[in-house]
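Me: I've got a model open and want to go through how its pieces pack. Can you take some questions on it?

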Protein chains: 2
Amino acid sequence: MSIPPISDPRRTLTLRDVSEASGVSEMTVSRVLRNRGDVSDSTRERVLEAARRLGYVPNKIAGALASQRVNLVAVIIPSMSNMVFPEVMTGISDTLEDTGLQPVVGITNYSPDREESVLYEMLSWRPSGVIIAGLEHTEAARAMMAQAGIPIVEIMDIDGTPVDSAVGISHRRAGRKMAEAIIAAGYRNIAFLGTMMPYDHRARKRLEGFEEALAKAGLSLVDREFYSGGSALLKGREMTEAVLTRSPQVDFLYYSNDMIGAGGLLYCLHKGINVPSQIGLAGFNGVELLDGLPRKLATMDACRHEIGRRAAAIIAGKAQGGVIGGEIIELSPTLQPGDTIRN
Amino acid sequence: MSIPPISDPRRTLTLRDVSEASGVSEMTVSRVLRNRGDVSDSTRERVLEAARRLGYVPNKIAGALASQRVNLVAVIIPSMSNMVFPEVMTGISDTLEDTGLQPVVGITNYSPDREESVLYEMLSWRPSGVIIAGLEHTEAARAMMAQAGIPIVEIMDIDGTPVDSAVGISHRRAGRKMAEAIIAAGYRNIAFLGTMMPYDHRARKRLEGFEEALAKAGLSLVDREFYSGGSALLKGREMTEAVLTRSPQVDFLYYSNDMIGAGGLLYCLHKGINVPSQIGLAGFNGVELLDGLPRKLATMDACRHEIGRRAAAIIAGKAQGGVIGGEIIELSPTLQPGDTIRN
DNA sequence: ATCGGCTATGTTAGCGGTAACGGTCCTTGG
DNA sequence: CCAAGGACCGTTACCGCTAACATAGCCGAT
């Protein structure tokens, strides 16, 4: 096939094309497109016109290499399909919006090895910062983050030792708090229903805190049930049925997340169980999506939006030459009693 | 502060560091780390050992610039918090998994301008392909995609003209099909409840197809109600109440998505309305999450997972020097009658 | 007129890798 | 014994852009 010397539609454009089209040096074009340095209004116009006409899209790869600056922030989270991380993302995006920084998401599916490789992949693009869920990582992952020379913020959880900064809540404390509220309401035969995922450390810590508080009151879990995969609503329903059949004396069901809690609630209502006097229920997360349920599920807000905002703010602050030291921000989840715990 | 000549913990490592540490040229290190070209086992070992010991993370920016190859696929979608795109993403990830390609997500919030700027931003990183939701884009966005010289796949919808390839369903046909099923079931006083978003073209097309089929049967919508923002479940509840109060004669409620449909279903059941004999309901998307509802909502599967897989397959195929021409793949959504349409 | 001191632009030298090609050895067959 | 070829590794020249420095006008002050 022929190779037209100029304006081959297939060849991707470079600064040189724009510079030739507008009769100035590449450097001047670069200055115009980045709004940096002094350029006269007349040449600025000429350059912009040429760039627009040609449909030039700058090559950030070259730009980043030359300037040693990348406007990306790596965000590494376990999942995107469970209502909790999308909201964290919203907080991050909102805050990053007007900083020139851009989030790039990586998903780990709660696998430490996958997390390590996603982190490696993202670091190889030399982002300006990393926001990563949780405090538990492989040793190699921790080493990479410590070495990277960029701000690192571990989010969601503060029960542990962060590599650099951390923003989150104490899930252990959250579990305790919920247990105390339940006990105070007079419930005594309490069951736990949650995920089986061995790497969901936050759910695990909540359960630990929960059992700790029960123990302090001389109680212990009457029953427990775990699941993995499938429709959360349906699983909640099935697990609830299993528990209530197996342990009819149960008077409270503590779920590790709102979604299965909602399934349980629907099951109880369907069975004509009196909620909350006969049986009480509570979930975790404060998922707004579920506000339309027949009865409002008791839950605990995980400050997801706020966590995203604060984490992004830390990255943004440090990226523009802020301090080095890591900071730990603990947020306080609030109990939302809803209609499923008797007052 | 002092500037140690070597092994400054702050300086980021380069190939040169690894090459010096292992006594071979940078080129050989590069070959080892990419598994390309011949390298003896003994040097390979030495290099890998050195890289590991130093904690070297390759710089893909430099690599991409030199090789003119980037293993990223831009995925541009309107939202991540509505159950539909996470599943598309899963399909994309699954298929890209073993191709060496990596998805990078950008969110537009249903704003054409935002879509344009996200696209520009992503193209400036010179991805190997673009997967973008919908067929409606700004003129500039279309121009950019046409110029980019990489495979473009527009997903979800095929009612229109794609820039390059397209994978999706016909939402107009989906709307028609649902209307026909509803009419066949004997319902005659039908109302529509949906989103107000002017840029949700797919919901719009479904409604158009729906009304088209109604018209063909000599019917027209008895009532309609729109919402925006808020908890979908709750909105579905509120809208349903509004419609049933305003138009008591209604015997069928067609929702633009499953989530508000679920809210409506819960409302009807709560009010003691006999579903589906007194009032029928249907949604759209086939959201598995909702399987645990007291009654299974009639819906239409949007082939989300399959769309993701096929789109990714097209990109993967073309990225390794496949053909140039665009292809259009139409998938067929299947009606899931559930328990909310009388047989 | 001469000399700073601006402003507006150009020039040079990389950024950290990789493609392409070149050069050693060492083996092997004629 | 030598040519040919493969295995292994190094050298050179960029990729497209930007930091840093140079340069050319042009102004007002001396």
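Me: Which residues of H1(B) meet H2(B)?
Reply: This is a predicted model, so treat what follows as computed from it. On the H2(B) side, the contact involves B:Glu26, B:Val29, B:Ser30 and B:Leu33. By class, the residues of this contact divide into four nonpolar, three polar and two charged.

Me: Are H1(B) and H2(B) roughly parallel or roughly perpendicular?
Reply: H1 covers residues 15-22 of chain B and H2 covers residues 26-34, and their axes sit 8 Å apart. The packing angle is about 100 degrees. Angles from 65 to 115 degrees fall in one class, so H1(B) is, relative to H2(B), roughly perpendicular.

Me: How do H6(B) and H7(B) lie relative to each other?
Reply: H6 (residues 112-123) and H7 (residues 139-147) of chain B have axes 9 Å apart, at an angle of about 20 degrees. The crossing of H6(B) past H7(B) is left-handed. Since the cut-off for this class is under 35 degrees, the two helices come out as roughly parallel.

Me: How many nonpolar residues are in the contact of H6(B) with H7(B)?
Reply: H6(B) brings B:Glu116, B:Leu119, B:Tyr120 and B:Leu123, while H7(B) brings B:Ala140, B:Ala141, B:Met144 and B:Met145. One residue in that contact is charged and no polar ones turn up. The nonpolar count is seven.

Me: What about H10(B) and H11(B), which way do they cross?
Reply: H10 (residues 232-246) and H11 (residues 258-270) of chain B have axes that come within 7 Å and cross at roughly 55 degrees. That angle makes the two helices oblique to each other. As H10(B) passes H11(B), the crossing is right-handed.

Me: Which residues of H11(B) meet H10(B)?
Reply: From H10(B), the contact takes in B:Ala232, B:Leu233, B:Gly236, B:Arg237, B:Thr240, B:Glu241 and B:Leu244. The contact's residues split into nine nonpolar, four polar and two charged. The H11(B) partners are B:Met259, B:Ile260, B:Ala262, B:Gly263, B:Gly264, B:Leu266, B:Tyr267 and B:Cys268.

Me: How many aromatic pairs are there, and what is the geometry of B:Tyr187 with B:Phe252?
Reply: Over all chains, the structure holds nine aromatic pairs. In the pair of B:Tyr187 and B:Phe252, the ring centres are 4.8 Å apart and the planes stand at 65 degrees. Planes over 60 degrees apart set the class here, so this pair is edge-to-face.

Me: How many residues apart are B:Tyr187 and B:Phe252?
Reply: B:Tyr187 is in the loop between H8 (171-184) and S6 (190-195) of chain B. B:Phe252 belongs to strand S8 (residues 252-255) of chain B. The pair links distant parts of the chain, with a separation of 65 residues.

Me: What is the phi of A:Met83?
Reply: A:Met83 lies in the loop between S1 (72-77) and H5 (85-96) of chain A. A:Met83 is not a glycine, yet its phi is positive, at about 75 degrees.

Technical notes. Residues are numbered from 1 along each chain as its sequence is written. Chains are lettered from A and ligands numbered from 1 in the order in which they are written. This is a predicted model: local features need pLDDT of at least 70, side-chain atom pairs count only at pLDDT 80 or more; totals for chains, interfaces and linings use all residues. Side-chain values use heavy atoms; hydrogens and water are left out. Axes are lines fitted to C-alpha atoms, for helices over the stretch in contact, and angles run from 0 to 180 degrees between N-to-C directions. Helices (H or I, at least four residues) and strands (E, at least two) are DSSP runs, numbered from the N terminus. Angles under 35 degrees count as roughly parallel, over 145 as roughly antiparallel, 65 to 115 as roughly perpendicular and the rest as oblique. A crossing is left-handed if the near helix is turned anticlockwise from the far one by less than a right angle, and right-handed if clockwise. Contact means heavy atoms within 4.5 Å. Ala, Val, Leu, Ile, Met, Phe, Trp, Tyr, Cys and Pro count as nonpolar, Asp, Glu, Lys and Arg as charged, and the others, Gly among them, as polar. Rings of Phe, Tyr and Trp (its six-membered ring) pair if their centres lie within 6.5 Å; planes under 30 degrees apart count as stacked, over 60 as edge-to-face and the rest as tilted.
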